[in-house]
Amino acid sequence: MNYNLPQGIDLSQITADYIRNVRNKIYEQTIRWLIGLEKPLGLLTEDLFILVPYSDEIGSIKSVGQPHIMFRGGTGIGKTDGSKSLAKSIKANFKVIQGTPDLLPYDILGGQVMIENAKGERRVQFKPGPIFNHIILIDEGNRMPPRTKSALIQAMEERAISPKSDYIDDSEQVMPTLPLFPLSGDYNDIKSPRFFMVLLTENIFGEEEGSYPNPMAELDRITLTIPIDRPTLEEEKKIRAATVIGKKIEQVTDLQEVLACAHWINMHVETSSMASDYLTRLLRNTDPNPKVTDPNTLLGKFLKENVAVGASPRVNFHLEAAARVRSFFDGSMEVRPEHVKEVAGNVIVHRLVLAPGKEYTTTKEIVFEEILAMTEQPKWR
């Protein structure tokens with residue numbers, strides 16, 4: 001992937017061992033006071049170093065930025081605590097946005113307000129919303145109404161927002177779009193490197209009043225899903241016996257260093273031709289369109305019966321990016337087919353739409369496992 005290294009990112013001190021040490025320190029702090037979350041938080045602290053393409057409305061046509069991640073699991077199992085611990089360990093501005101049916105775009109984006117000083121002088125000033133942070137946790141995002149969800153999707157895709165009217169900064173410069181989110185913490189700063197990651201949870205009890213189906217436009221912009229299961233019996237006993245009240249998380253790195261490590265991986269880990277071919281074939285094998293998958297084959301018949309919508313071409317970039325980071329932390333500087341297979345479920349499953357009625361007889365996970373089994377994995381040379 002060809003792209004320009006952001007101004008202010010220095011790779012001169014970065015090595016593979018250096019990156020692994022940084023990740024291990026982040027993981028140790030993130031999991032420090034939490035029990036039973038070793039696997040999901042292990043994935044989260046690896047995925048922190050993924051870079052995916054996005055439409056940059058401020059700079060070039062395309063840039064690379066952080067992945068957006070959805071947690072899949074019940075309530076009360078540590079999703080919020082794990083997210084907070086991660087943010088504290090890397091000194092990231094963090095905010096939780098509660099998804100509610102009455103949430104308006106203004107409530108997350110911010111907007112123009114009239115302020116008055118002690119002299120009685122009035123002026124219009126932009127009041128930033130909670131979206132102006134480095135890491136955002138959208139809790140039960142499928143409770144948001146469609147209008148607010150559309151504003152969130154634009155922010156996720158463009159890593160910027162467009163105020164209702166032109167925003168004028170302190171130097172009287174008109175800024176039609178505001179970046180999400182500069183390391184400097186100043187939303188006027190369009191030159192500073194940016195770090196913006198959305199973490200989402202969803203209300204898995206979709207029949208409850210006040211919830212909306214997550215639109216495909218949003219699901220397609222979520223790089224991957226991390227499942228979080230209920231702790232084991234022994235772990236749950238330890239949770240009750242322990243307490244996280246008053247426990248501190250140490251800052252072990254900063255966003256500048258995290259970005260440098262992520263860019264180093266993106267520039268140095270290559271994708272083998274075998275992995276590239278397998279990756280694209282796997283994605284196309286989720287598409288029931290007869291122009292893509294022959295409906296007379298075993299796979300085609302299976303897709304026609306079970307899948308309404310498969311993964312889009314956009315997912316090529318997300319799956320390759322996730323496989324690249326998995327490859328690196330597996331000790332390889334070249335993505336192999338097995339690395340693609342390891343992360344494929346996390347990247348693809350949430351994007352599948354089952355055929356009408358199939359949600360009552362099967363799951364997306366089971367359907368994808370069948371697709372995976374019917375897609376031949378090339379033997380590594």
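F196 is placed in the loop that runs between strand β11 (178-179) and strand β12 (197-201). The coordinates discussed here belong to a predicted model. With a relative accessible area of 1%, F196 is buried, and, once its neighbours within four places in sequence are set aside, its contacts are with Q66, H68, I131, N133, H134, I136, A155, M156, R159, L180 and F181. The C-alpha atom of F196 is separated by 37 Å from that of K379, a residue 183 places away along the chain.

**Aromatic pairs**

A pair of aromatic rings is described by how far apart the centres are and by the angle between the planes. The whole structure contains 7 aromatic pairs, and two of them are set out below.

| Pair | Centre to centre | Angle between planes | Arrangement |
|---|---|---|---|
| F126 and Y187 | 5.6 Å | 70° | edge-to-face |
| F132 and F181 | 6.3 Å | 75° | edge-to-face |

F132 counts as buried at 6% relative accessibility, and F181 counts as buried at 3%. F181 is also one of the residues in contact with F196.

**Packing of α8 and α11**

Helix α8 (residues 255-268) packs with helix α11 (residues 315-329) at an angle of about 95°, the axes being 10 Å apart, and the two helices are therefore roughly perpendicular to each other. On the α8 side the contact is made by W264, I265 and N266, and on the α11 side by R324, V325, F328 and F329. Sorted by class, the contact has 5 nonpolar residues, 1 polar residue and 1 charged residue.

What sits over the ring of F329? The charged end of R23 does, 5.9 Å from the centre of that ring, and the charged end of R23 also sits over the ring of Y27, 5.1 Å from its centre.

Terms used. Residues numbered from 1 in each chain as written. Predicted model: local features only at pLDDT ≥ 70, side-chain atom pairs only at ≥ 80, totals over all residues. Heavy atoms only, no water. Axes fitted to C-alpha atoms, helices over the stretch in contact; angles between N-to-C directions. Helix = DSSP H or I, 4+ residues; strand = E, 2+ residues; numbered from the N terminus. Parallel < 35°, antiparallel > 145°, perpendicular 65-115°, else oblique. Contact = heavy atoms within 4.5 Å. Nonpolar A, V, L, I, M, F, W, Y, C, P; charged D, E, K, R; others polar. Buried < 20%, exposed > 50% of the residue type's maximum accessible area, 1.4 Å probe, protein only. Phe/Tyr/Trp six-rings, centres within 6.5 Å; stacked < 30°, edge-to-face > 60°. Lys NZ or Arg CZ within 6 Å of the ring centre and 35° of its normal.
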